[in-house]
Amino acid sequence: MAKLALLIGVSEYEPGLTPLPAATKDVEAMQRVLRHPEIGGFDDVKVLINPQQYEMAVAIEILFDDRQKDDLVLLFFSGHGIKDEDGKLYFAAHNTRKTDKGVPARATTVPASFVHDVMNKSRSKREVVILDCCFSGAFAEGMLAKDDGFVDVKNQLGGEGRAVLTSSTSTQFAFEQQGVDTSTYTSYIVEGLETGVADWDEDGWISVDELHEYAAKKVQESTPAMKPEIYPVKGGFKIKLAKAPSNDPRLTYIREVEYWVEGGNGEISVAGRAALDALQETLQLSSEDAATIETQVLAPIENKKIKLQRYEIAFRDEIRQGFPLSDKTGANLKRLQQALGLRDEDIALIEAPIIAEQPLTPPPVIVNPPPPEPSKFNYIAASIIGVIGLIIGGTVVYFFRPGSISQPVVQPIENSCTKEEFTLGDRISLGEEILLKPDTNPDKKAGVQAFANSDCKTAIEKFDAYRKTNSTDPEALIYLNNAKARQKVDRLKIAVSVPIGTTQSVAEEILRGAAQAQDEVNNSGSINGKLLELAIANDNNDPTDAVQIANQFVKDTKILAVVGHNASNASIPAAYVYQKNGLVMISPTSFAQNLSNTGNYIFRTVPNVSLMADSLSHYAIKTLKKNNILICVDFKAVDNQSFKEELLTKIMAAGGKINTTNCDVSSSNFNPSAVISQAINSKADGLVLGLYIDQIKKGLAVAEANKGQLALFSSPTLYTIETLEVGKANINGMVLAAPWHPAAFPDNPFLKNSQKLWRGRVNWRTATAYDATKAIIASLQQNSTREGLQQVLHSPSFSVDGATGKIQFAQSGDRINNKVFLVKVQQITGTDKYEFVPIQP
């Protein structure tokens with residue numbers, strides 16, 4: 001048995017490709033640890049620095065040629081990776097040049113397919129490939145990026161007895177820091193081998209999977225947007241790469257520091273410091289050695305802090321230049337975020353409190369304002385920045401921004417219920433204004449006017465009259481129940497936030513679920529004698545609006561919980577506001593993976609994206625026998641990024657292949673016909689649509705271009721009436737993952753009650769919003785404080801029956817035993833209409 005390695009580093013290129021100085025340093029570091037007799041112990045380590053294409057290809061072929069079955073063969077590459085229009089991967093050599101069209105000449109590169117071929121022909125059953133490369137040039141000053149696209153790494157470099165380790169996922173950037181000897185990924189690969197700390201199970205050996213786990217953890221501590229991946233085949237992940245020292249005092253101390261840093265969220269606690277000082281004495285380590293080790297362990301965390309500070313400084317500077325931010329400024333900040341390697345959730349935590357300081361527009365209209373002296377009022381108004389709830393005599397008044405413009409005043413009439421001052425134009429309403437547009441019905445307008453004047457008797461009469469001919473309107477039912485609750489005086493208040501301004505139909509679906517739960521509890525005994533009041537907010541699925549709405553909810557101490565938000569682009573930034581300020585949020589529709597474990601106040605009733613991707617992938621590959629899947633997503637949406645990443649994993653785990661055609665519906669030059677043609681030419685037989693709710697029309701354009709050629713699959717986003725009415729024959733047979741379907745719960749009272757209440761069908765968003773509201777109601781029965789509410793929801797004994805079954809929550813905030821159902825689009829016999837029907841398991 002022999003251990004052989006080829007280490008290739010390409011740092012210098014022909015004009016057109018950015019130099020990568022760290023590449024040669026990466027090779028030198030890897031050579032050091034692999035040759036070391038007490039670490040890698042490799043028999044032969046060949047190094048190639050800036051090779052020509054021919055030299056590089058020959059060396060790779062020689063590496064795998066004439067090997068024995070038990071030989072361990074390792075290929076390491078640090079440099080530029082390049083993809084062509086078909087998504088095929090090529091490794092750039094020193095003489096790789098660009099054509100007149102600006103694309104690299106393939107003849108001057110080494111194709112991944114060539115590497116695959118020579119690996120397949122090798123007799124060695126233990127092959128390891130480590131790639132610290134991506135697919136583009138310089139990204140921003142101070143940070144060099146080596147990726148800008150998707151490459152199907154496993155299918156191009158996978159095989160029996162192999163493990164392929166990559167510096168990031170197929171759709172992410174891999175970075176090298178200027179001023180640092182080695183690139184981010186390689187530095188932690190070397191560190192894990194050289195110190196032995198990657199030996200997780202402490203058996204004296206570092207296996208491929210252990211090395212990956214260590215490097216991935218460290219990379220994400222420093223550059224969270226990077227997500228190193230491992231693609232093992234058969235026993236490849238258990239290949240033993242290196243020895244780890246035993247009874248090494250330095251290694252013992254490193255592990256103890258790691259323990260206290262991880263437990264202290266990036267800091268060493270007082271208890272940790274005492275424990276480390278005691279261990280240092282026991283191990284007889286010098287203070288200098290101990291300090292060096294601690295600096296090494298904390299380095300990636302400190303690096304991330306610096307990046308966060310840089311982003312905050314830039315964001316505050318842009319805010320000072322003008323707010324709301326322009327599209328150009330937003331694009332520039334997104335570019336900076338990518339350059340720094342930060343995730344959306346990282347910047348959300350920075351942006352949320354800064355956005356909260358900014359004034360909302362347009363100026364509000366105050367109805368029934370309190371009567372302080374003008375000079376005193378102007379002083380208060382001028383002192384308020386952002387969204388502040390001011391408690392005056394038990395009445396909540398919302399101020400959004402200072403202003404000297406006189407506000408229209410609506411004089412109160414004789415009250416028939418508790419008086420409260422309201423602010424119009426603030427995108428939040430208890431019943432004082434109509435948010436669903438357009439609506440000119442005189443009864444509804446009269447009901448809103450009466451509610452604003454605290455005339456609940458008239459409001460109830462008008463809302464009741466309106467609902468007799470407009471039963472599908474959830475806003476009116478909520479306002480009706482709010483007026484009744486206000487008459488009773490003693491009430492509990494929660495809120496729901498939906499995207500009325502951008503996708504009103506989806507907002508209405510969510511509101512129907514919340515309205516139905518409110519109507520049921522208020523008409524069947526209340527919550528410990530108190531009726532439920534529900535505030536409606538319009539966040540437009542916009543992160544900035546969602547953060548401002550969240551801050552306003554937090555300031556109103558009467559609001560005990562929030563149902564919302566809809567898309568993860570809005571939910572994730574808002575969630576950090578709720579978590580920081582201790583207000584329960586239950587999202588009925590946000591399924592991004594990174595909403596899990598946001599904090600103990602954050603929950604959801606919809607399954608996370610992993611469950612949906614798994615269900616769709618298994619059905620497509622195992623049942624329908626489709627094995628070359630094209631994925632079309634909106635790369636700007638968090639939900640869809642999560643969906644694609646999970647699909648990549650699940651499809652390949654099920655034995656399928658990812659079609660390499662690039663399909664980003666958010667691209668300015670997106671051409672659905674060209675995408676479908678390219679996918680079919682590259683043997684695609686399935687198409688998955690993972691879209692942002694605002695991009696449904698583009699998704700349907702892809703379906704139209706497809707014309708039934710590829711089997712069609714989708715995330716739950718396309719489960720809408722619009723999809724059926726617009727898509728028609730183009731989507732016939734499309735399979736979707738969904739959290740609920742009426743046929744899945746035929747005996748559940750929710751279905752019968754919803755049909756009676758709304759006089760029509762409802763969909764999964766109504767069901768999961770109903771469940772979110774039901775969970776809050778059940779918790780309020782036990783505790784009506786904000787802190788107590790989250791404790792009840794997290795309790796192992798908590799459960800309540802909902803539309804989608806029993807509702808219980810894990811510590812992550814996700815549902816326990818949450819199910820996913822598959823439905824398909826089917827034409828209704830004898831009509832030109834279509835419907836969603838369940839697929840029998």
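Tutor: A pocket here is an open set of points on a 1 Å grid over the protein atoms alone, where a 1.4 Å probe fits, with protein on both sides within 12 Å along at least five of seven lines, and its lining residues have an atom within 4 Å of a point. The model is predicted, with local features needing pLDDT of at least 70 and side-chain atom pairs pLDDT 80 or more, while totals for chains, interfaces and linings use all residues. Residues are numbered from 1 along each chain as its sequence is written, and side-chain values use heavy atoms, without hydrogens or water.

The second largest pocket has a volume of about 800 Å³ (the space filled by probe spheres set on the points). Its lining comprises 32 residues, and those nearest the centre are I721, L724, R761, V762 and F836. By class, this lining has 12 nonpolar, nine polar and 11 charged residues (nonpolar being Ala, Val, Leu, Ile, Met, Phe, Trp, Tyr, Cys and Pro, charged Asp, Glu, Lys and Arg, and polar the others, Gly among them). At least two lining residues come from each of α16, α23 (721-727), α24 (749-758) and β32 (834-838) (DSSP runs, helices of at least four residues and strands of at least two).

Helix α16 spans residues 504-522 and packs against helix α25, residues 764-780, at an angle of about 40°, their axes lying 7 Å apart (axes are fitted to C-alpha atoms over the stretch in contact, with angles from 0 to 180 degrees). That angle makes α16 oblique to α25 (under 35 degrees is roughly parallel, over 145 roughly antiparallel, 65 to 115 roughly perpendicular, the rest oblique). The crossing of α16 past α25 is right-handed (the near helix is turned clockwise from the far one by less than a right angle). On the α16 side the contact is made by V506, E509, I510, R512, G513, A514, Q516, A517, E520 and V521, and on the α25 side by R765, T766, A769, Y770, T773, K774 and I777 (heavy atoms within 4.5 Å). This α16 contact with α25 holds eight nonpolar, four polar and five charged residues.

With α24, which also contributes to the pocket lining, helix α16 packs at an angle of about 100°, with the axes 11 Å apart. The two helices, α16 and α24, are therefore roughly perpendicular to each other. Here R512, A515, Q516, D519 and E520 of α16 meet F750, N753, S754, L757 and W758 of α24, a contact with four nonpolar, three polar and three charged residues.

The crossing of α17 past α18 is right-handed. In this pair P543, A546, V547, A550, N551, F553 and V554 of α17 meet N569, A570, P573, A574, V577, Y578 and N581 of α18, and these residues divide into 11 nonpolar, three polar and no charged. The loop between β21 (559-563) and α18 contains H565, and the peptide bond from G564 to H565 is cis, with omega near 0°.
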